[in-house]
Each structure stands twice: as C-alpha cells, then as structure tokens.
Amino acid sequence: MASMLSQIVCTPNNNCKVWEDPSFFKWRKRAAHVPFHCHESVEGSLRYWYERNKVDFLVSKSAVWDDRAVTEALECAAFWVKGLPFVKSLSGYWKFLLAQSPETSPVNFHDSTFEDSTWSTIPVPSNWQMHGFDRPIYTNVMYPFPLNPPKVPEENPCGCYRTYFLLPREWEGRRIFLHFEAVDSAFFAWVNGVPVGYSQDSRLPGEFEITDFCHKCGSGKRNSLAVQVMRWSDGSYLEDQDHWWLSGIHRDVLLLAKPKVFIADYFFKSSLAEGFSYADIQVEVQIDSSNQIPKEDILGYFTIEGALFDTESWYCGNHNARADLLSSSVAHLQLDSSLNHYIGFMGYMLKGKLLSPKLWSAEQPNLYTLVVTLKDASGNVIDCESCQVGIREISKAPKQLLVNGHPVVIRGVNRHEHHPRLGKTNLESCMIKDLVLMKQNNINAVRNSHYPQHQRWYELCDLFGMYMIDEANIETHGFHDFTNIKHPTQEPSWASCMLDRVIGMVERDKNHACIISWSLGNESAYGPNHAALAGWVRGKDASRVLHYEGGGARTSSTDIVCPMYMRVWEMVKIAEDPTETRPLILCEYSHAMGNSNGNLHEYWEAIDTTFGLQGGFIWDWVDQGLLKEGVDGTKHWAYGGDFGDTPNDLNFCLNGLMWPDRSPHPAVHEVKFLYQPIKVSLTEGVVKIRNVHFFDTTEAVEFNWMLHGDGHELGSGLLPLPIIDPQRSLEIDFKSGPWYSVWSSSDAVEFYLTVTSKHVCPTRWAEPGHVISSTQVQLPAREETVPRTIKSENIKFGCEVVDNIIVLSQQDLQEINFNKQTGAIESWKVHGVSVLQEGIVPCFWRAPTDNDKGGGSVSYLSKWTAASIDKLIFLAESCSIQNKTDFLVEIAVAFLGLPRCVDKTASELDKSTALFKVNMLYSFYGSGDVVLECNVKPSSHLPPLPRVGVEFHLDTTMEVIRWYGRGPFECYPDRKIAAHVGLYEQNVNDMHVPYIVPGECSGRADVRWVTFQNNDGYGIYASINGGSPPMQINASYYSTAELERATHNEELIKGENIEVHLDHKHMGLGGDDSWSPCVHKNYLVPAVPYSFSIRFRSLTGSTSGYEIYRGQFS
C-alpha cells in the first residue's frame, strides 16, 4: 500500500498533481516540534549554548552584502551545527538542473545511479533565481500567475537537486531524520531512490525519518539524496506576501541522529507568583519510542529529568571549565507522576520552582538554559535536548498588553528576511547586524512579516532583547479583487493546510521568550477558518496573546486591535471607545517608501498621551532591492520589473528604513528620536528628564549637556543626576542648571540646550558611549533683538544698461549681470570668480517622491500635473529699475507663471492662463547686500503646492555648503524633530541622498543662513530677512528634471551647475501610507498669497556666514 501511494504521490508524469491539491500538503512528514540539537550530554548542551551566546555588536561588523555572502552562507550553515555530534549539515554545492515543469524533469533523476555529471551546481542553501536560474518576481498584491485555485501554471519551473552523504559509524543504532529547514514552495525527497516524503510551507521545516532507507552507518557507502522543488504549488495561494517570489532550498538541510527512544518535543511554561518572588516551572515532554515500547511502560525503562541553568553567570569571571557551567544550575525539574492527562496532551510533565527569578524583557533579556534529559535505568543519558528560555509573564488588562505587569510600549518595525545577494537565505552576521541597528535606534519590537523566519533569528531576539510577533505563513492578498472566486479562508478544503501552517509555527517556536504574540497571518481577509486557527492557538498556548489584522483588525480572533495605516484621529477614537477593552497596536504604520516617514511625531504624540494606544510596527525595516549587474558591469539595487519579471509592482518593494546593505535612511534619525527611552522637555523654566523605560533605571547612563548660541558651542559638561527609576522623572530648575552662567553671560540671539544620555558600559549591541537619546530644547532669549536696518552707504554701486543687461558692479569686489528680458540674474562674479550662473527665479515644483505619486488620479502628482504645475515657465512681464543712487539700486520684476506649451514660444503663451503672479523686488546695497522681496499670488483653483521659493544655479565649484539650521542629515517640515539646530558643513556631493528611485531629496529644514563657497572661500551667502521664517534649502548637482527623469539612482547624470532651492514653504513628505495623499494639513502648502524676503551677499575667504548673520542684529 505504501509503495502504491509513493508511486501516485512522487511520479509527476502520472497526471496526479498533488501540488495542486490543498488537502494534500504533506506526506510522511513528521509532526512539527521544537528544533532538535541531539546533545550527547548535559555538559555538551551547556557548552553549546555557552559558545552560541558569545555574540555581540562586533559580529555585525563582518556582515557582507555582496558575492562574498554566497560562501558565508555555507560557512554559517556549518557554524550553526558546530558542537552537535549527532547533527550534520548537508549544505554545500549540490548538482542542479532546472526543468520547465515537474513533468519535464529528467526521468528517474532520483535514482542512486542516475548520471548527473552534466548538471550545473548550486549552493545549498540558496534561491536558484539568485544564481542565474529563472528570474526573481516581485509583486505586492497580485499573484504572478492567473488566479485559478488550486491550479498553478503548466509552466512551473522545477528545481532538481542531487547530492550524497555518508553516515558516521558513531551514529550506528540511532534513528536518522532528514530535516529541511525551509524550501520554497513544495518539494519531494528521495533517499537512495526511495521516496521519503513531500512537504509544503516555504518558511517552516519538513522533516522525514529515513532510517530504513539509508546504508548502514560507518559502511562507507554513499547515500544519494534527490529533491524536486516546484516553484508553484497550491501552497503558493497562501503565500502572497509583499516580497520577492524566490524558489529553492533556501535554508539549511540537516541530518539528525536520535536514539531509538528519544525526546520528541518539549514545551516550557512558567507561572510567576504575585510579586514575582518565585516562578513555578512546567515542561511538557513528548517521548517517541517508535512503538517499540508501549507508552505506559516507558517510565519503567527510562527517567525524564530537567534542569534550569543561569546563563548570565557563565560570563562572570573565568567560566571556561565544564564544572563551572554545571554549577550554574538553579532549578531541578522532576517528573510529576501524579499528573492526570488532560485532553490533548498525553506526554509527561516536569515541574519545579525557581526562586527569585531574573525576568526576561526587551530591556533586560535575562535567559536560562533549559536542559531536558532522557536516561536509561542505569542513569546514562540516552537523549538530551536544550534551549534558551526566559521567565516572563504576558497578560492583559483593560486596554493594555502587559509584560511582567507593565504596559510596555511597542516601538517596533516589520522585518522581511532579505539579503540583496542571497534573497531569502540568512547569515548569522547579517541577522545580528539587523538586531544591533534596531537596538541602537531604540527599536524594541519586531513583527516577523509575514512568515516564520530562520530559527536562529529567534535565538538572537531572545538574547538581544526584542519583543516579537511571530506570524504564520498565510497571506491571500491577491484574492481581494476577485469576488467571483471563493476565498480560501471561507473554504473548508483549505482549512487543514491553513491550520497546519499555524501549528507548525507554534510548535517550532513555542519556547522563545521573545515571542509575546502569535499572528494568524497577514491580509487574508477573515473567515471561519481563522476562527478555527485562533481556537487552536488559544487552546495550545494561553501564555501569549493573539494577533490578526484581517477583517478589520477587531475580530474575535485577535486580542489586540491591530490596524494597519490607521490615521491618528481614528486611533484615538478607538482608544477612547469605552466598549473596546483591547489595546491598539498598529501592526503596520509610517510607510517608509523612499523619502518618507513624515508625520511620525504626530503618531507618537497621540501614543504617548492616549491611554489604550500602545505603539506600533513601522513598515518596514529594509529596502528589498536585489543586486543586479548593469550593462557597464557595475552592480546596483534592482526592483520589480528589472529582471524582466511580469507582472510586477515596480519599486513597491522599497519601503525600508535601511538600504539593502543596511545603511540607514535619514528617516532612521527620526525613528530613534521618537523611540528614545529618555525624554527631555522644557516647560515654564523647568527642565524635565523622564525615564520611560519600564524596567531599566538610569544607573548605567551618563548624562551630558551642551549649550549653543547661534549655532556655536558656548559650554558643555557632565550633568550629574541621581538615578532615575523606570517610569519616573527628574526636574531641574533652568536657573540652577550648570548651563545658566554660560547662558546669562552670552550675547547670542538664539540658545539651544542639548541633553544627551549615553551608555557607560558596553552592552551586547553597543560600545560604551553609545548615545541612547539626544534632545535639544530652545531656551529663552536673554533680551529682545531687533534686526538692524541695512545701511546703503559703503561702496558705490556702478550701474549701467547694455542692451538687455543691467550691469551692477562694485569696484573689483563683485559684478552682477541682470537680464531684463528674463527678469533674472544672468551671472554673479566675486573678485572675478563666477559664483552664480543662472537665476534667481520663482519655483513651485519638486521632483515627485513615491508618496507624491501614490493615489492614482487623486495623488498629489496627478493633481499637480492636471493643474500644469509640472510644466511652468516664468515670463517676465515687466522688469525695470525702480530706484538708483550711488549706494542703492532697486530692480522690480513681475513674473507670470504660465503652463508650457510645446508648440508655442514663451512670448506666444496666453497670459490669461497664468497660474502664478510673482512680484520680485531686488535691492542692491552699497554694503554688498542684495535683498530679494517676493510676493506670490497663486491662482485660487490650484491644489496644495509642492513648494514656494526660488531656484538658482551656481558654478560647480561652489561645492562647500555651510548652514545654520537643522541637520546635519536630510530633514523636511514634517520630519525634522530629530534634527538639531546648529552650524553644519557638507559637500554638495554628500548632500545627495541616494534613494534607489530618485525624487525630491537632500533638503534641510529651518535654515537661518547658508553659504555656498569654493575651496578658496569665494561664494554667496543667503539668509532669511526681515520677519521671514527659516527656510527649507536644497542643493544638488542633479537638477529637479533629472531627479524626475531617472528611475534608478545610478542613472542620474550630473548637471553643468549646482541647482539650489531656497523655499519659504515646502510641502511635507507624508508617510501615513504611500497609496493615498496623506500629508497632514499642517504640512500642506495651500495655494494662497505668500510674501517672504531673502538676503544675499557675496563671500570671500575673509568673511563668514555667521559674522554676516550676527551683524544684522543690534
């Protein structure tokens, strides 16, 4: 019967396509369980964890993101089984052939004698598309094949793998298991030509017993292993996540050797006493005897024991000897022989008590090592399993999720498994890099979007301290637009395979302290199948909460109100609803697509002040760009469509806070600031410092202060403070602070106090001195300052008109040519050095960002182009000298902003179609100052504007930029709270932010003054003037048109000058999502009249922007 079944299942050309049957998702696959380590002894298990836990931020420095990662992946696979004598990795180079479909796979390729010498080789683990076979496909919602469940395309690429393995003599008498950590999407396996199993679920293990199919251990005979992997299966309908479709054996393949009777599974549980004085420990243990010994007789032959060891104590002093590790035992767990088996559990229960437990939290990730042993009647260890566990309590209160009794705030991100060279294959150093970056940027929680991830990721999250939502590999987003096709969540025929995925996740990951919530999947609507999944999880594990967003984020299958991309006002409304007793935690928010994450501070103002709001997970962690070689041989980040993949969703995979190589986007600064656990504020003369940690005091924190006046440091020093307990604050009277004497003796106009907190000692994720928080507060001015009126007397201004050019000169200091026809400065020279080449003209357009494009016909971009704001041409309706003396020349220009017409010259355009009227008055003073006053009157029917300001072009040598404003990194009106006001200097090249898809970038907010100079100091100064507010500035070698044209950063071509924008108003970036216009009202630029003034001045090496700016105040 078994032979007949194997013929039906494993013969693709028999017209029985089991990979198109949702009721058939596994065959001979063992039940899901925790990862096996197959230790030989208790000492061996402790030594294994002792070595495995010796990871910190130094490891992250070896992370690689290029071709070197291929070799590194194989080395990682070997490293992960080091110290495990009964576990063998089969990673390495396997023989590989890609067939067009299962039916066209080579006949009998799984036979031991099959000739594969002409086949290619491929590293395992890997995705075959990352090694030149087939192509990657990126889609967000749509399936990459016609929706016809459970059928998949006839052209279904099929990877045929072959390798060999030997079984060591030391494994003789043991049972052998073949363990695939993950294969995408469905696969058959054969050992020595015999079919051993079939499995689906691309993100969970498939394990098969192969004892009877292998050659004898130590015989020296090679065992053949053949694997057939289908790219598409009915399981693909449940795996429509927003990421790359990549196929193959992408996690490790292991051989496990277990005794004939062995520990098959174990479930660690702890129950804390009131006050956390002790913890009752329970471990449910399953024993597999392969029916050789009746279950009721097992305890007559074997003893089951358990123990907890204090992991932290291993690293205090010299603990290299085995005796030291054994002496760290803190609790002995004994078999509860009085246990009455309850329904659903027919195993064994170990119990014990741990006094004064050190609790696990993201702030204090205290871990213990649990060791479970199976001994024979003589007391010899037959089998030994272990894992890291944490003692903590996850509970619920009205509108609160509690960890150890505290309503911790979730400062989270979503994380896909993504490597730009490897695809879905993981590296130890790269996972650690992710965690180091998260911790360093105050991120305390991660949602595994949208599938179970590599098992080492969980160990690392336990170790580093990271709250986690573990999510089942279920997403059916592509069904959303097909109402004529029954949804899998409604169909009984899909219930079993959905449940299998949830069971597989929970059973594998159940012992990890970091997991505070299980998730039933993502974007799969809602149906009765979800109710079944929720029921199983709640019955299996009552120690955690349940999460599921589908169906409106408030169904009975979730313990958390968990919406995605909900607006702030909606969140607050739910939190204030007395009938809703669950906390609200955003499962996705602040869509980080390109230049984004605006409005983030408004979310946190609401979260920090509204009971019932408990945080959220930013979407998402990393841009999912893949390395692709261009025609010139260089490699760049590729996105959907770049591989010829059809259909595709273009660059919608680029939503990360990090570039693919984990370089941080500028928005990360905003995240770190808003997530920081030390808050500083100044209210009514009192500096308040709050420790918003829930468990950590400030004992290991050093505080520093620094005072700036007009951007210059006036004083700094240590800020000695008493220890601030968690959730407590300290107040300092402004006048009693160490900065007061410095402030009171300074004549600066603006004062900013910065309070910084740093780690005193090293942590697992940072060196000593790592900045935890840095907050800048503006201090009151010492006295009122009044801008000084510019004096016209100084050096005479020569003024002559040559044809259409007004030539303004001051001896040999500067010469300005003003074109009467264009109404703009044609050139500006300082001591004969060309500074400004073109401008100054009004500007209202920006290169669209991804958020500007989102929303189809209602997007900002659509509205702007419909109104022709993207093709404005400015016609000087009039230009005349209004006033002329020896020390003052005034030139007035009236511009009309007209839509460009391809078949008409500027003079032929219909002036009645003007969208803007701009009056500009230039005042050229003998002091060298040039003051520009602008009055803008837009047409009232226009949509909100991208910007209101001026544009000009500088000589390419004016590459050194200094400014007094926010920085040093890119910031915009709705994403600037982390950017301190100060004096900064950068090169134009370095100002550019290389978003993978170009658009508006490189801005700096709240700028008071800015200078552009060459290396000799010649250049131009610009500042706010009169009562005008600080400016938004931008300078780039790439023109706005070029940023709009290019579809990839590497396509950008530098212009012949530097394009500069000085904006009176600049629209925010938005970021609530990227598919609707969602810039908050305060950061829109309505089409209403505006007036502003800018002061310019030429510069030489002997003058500075600071001196000029200070000189305008009395």
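1. Proline 150 is placed in the loop that connects β5 (137-139) with β6 (158-165). In this predicted model, the peptide bond leading from proline 149 to proline 150 is cis, its omega being near 0 degrees. A further cis peptide bond, again with omega near 0 degrees, runs from glycine 967 to proline 968. Proline 968 belongs to the loop between β51 (960-967) and β52 (980-987).

2. Asparagine 108 is a residue other than glycine, yet its phi is positive, near 60 degrees. The loop that holds asparagine 108 lies between β3 (92-99) and β4 (120-124). With a relative accessible area of 40%, asparagine 108 is partly exposed. Glutamate 684, also not a glycine, has a positive phi of about 50 degrees. Its position is the loop between β34 (678-683) and β35 (686-691). Glutamate 684 has a relative accessible area of 81% and therefore counts as exposed, the cut-off being over 50%.

3. The parallel sheet comes next. Seven strands form an open sheet in the order β29-β28-β27-β26-β25-β31-β30, and their pairing is parallel. Which strands stand at the edges? They are β29 (545-547) and β30 (584-589); each has a single partner strand, so one side of each has no neighbour in the sheet. On average, and with direction ignored, neighbouring strands of this sheet are turned by 25 degrees against each other. Within the sheet, β25 (residues 410-415) pairs with β31 (residues 613-618) in the parallel sense through four bridges. Isoleucine 410 has glycine 615 of β31 as its bridge partner.

4. Asparagine 522 sits in the loop between β28 (515-519) and α10 (528-540). Its relative accessibility is 0%, so asparagine 522 counts as buried, for which the limit is under 20%. The side chain of asparagine 522 makes a polar contact of 3.2 Å with the side chain of glutamate 523.

5. Strand β7 (residues 175-180) is mostly covered, with six of its six residues buried. Arg175, Phe177 and His179 point to one side of the strand, while Ile176, Leu178 and Phe180 point to the other, and all of these are buried. β7 runs antiparallel to β15 (residues 253-258), to which six bridges join it. Leucine 178 has leucine 255 of β15 as its bridge partner. The pairing of β7 with β11 (residues 206-209) is likewise antiparallel and extends over four bridges. In β11, glycine 206 stands opposite phenylalanine 180.

6. Helix α2 (residues 42-52) is also mostly covered, nine of its 11 residues being buried. The buried set includes Arg47 and Arg52 as well as Leu46, Tyr48, Trp49 and Tyr50. At the start of the helix, a side-chain oxygen of serine 41 comes to within 2.9 Å of the backbone nitrogen of glycine 44.

7. The largest cavity holds about 160 Å³ of space. Its lining consists of 17 residues, and those nearest the centre are Phe36, Val81, Glu181, Leu254 and Gln455. α2, α4 (68-80) and β15 are the elements that give two or more residues to this lining. By class, the lining of the largest cavity comprises 10 nonpolar, four polar and three charged residues.

8. The second largest cavity contains about 120 Å³ of space. Among its 15 lining residues, Pro35, His37, Cys387, Asn511 and His512 lie nearest the centre. At least two lining residues come from each of β22 (381-389), α8 (455-464) and α9 (492-509). The lining of the second largest cavity divides into five nonpolar, six polar and four charged residues.

9. The last point concerns open space. The largest pocket holds about 1100 Å³ of space. It is lined by 37 residues, with Glu363, Gln364, Pro365, Asp696 and Trp765 closest to its centre. The lining of the largest pocket is made up of 20 nonpolar, 10 polar and seven charged residues.

Definitions and conventions
Residues numbered from 1 in each chain as written. Predicted model: local features only at pLDDT ≥ 70, side-chain atom pairs only at ≥ 80, totals over all residues. Heavy atoms only, no water. 1 Å grid on protein atoms, 1.4 Å probe; cavity = no way out; pocket = protein on both sides within 12 Å on 5 of 7 lines; lining within 4 Å. Points joined across faces, edges and corners; volume = space filled by probe spheres on them. Nonpolar A, V, L, I, M, F, W, Y, C, P; charged D, E, K, R; others polar. Pairing = 2+ DSSP bridges. Axes fitted to C-alpha atoms, helices over the stretch in contact; angles between N-to-C directions. Buried < 20%, exposed > 50% of the residue type's maximum accessible area, 1.4 Å probe, protein only. Polar contact = N/O pair within 3.5 Å; in protein donor to acceptor, adjacent residues only side chain to side chain.
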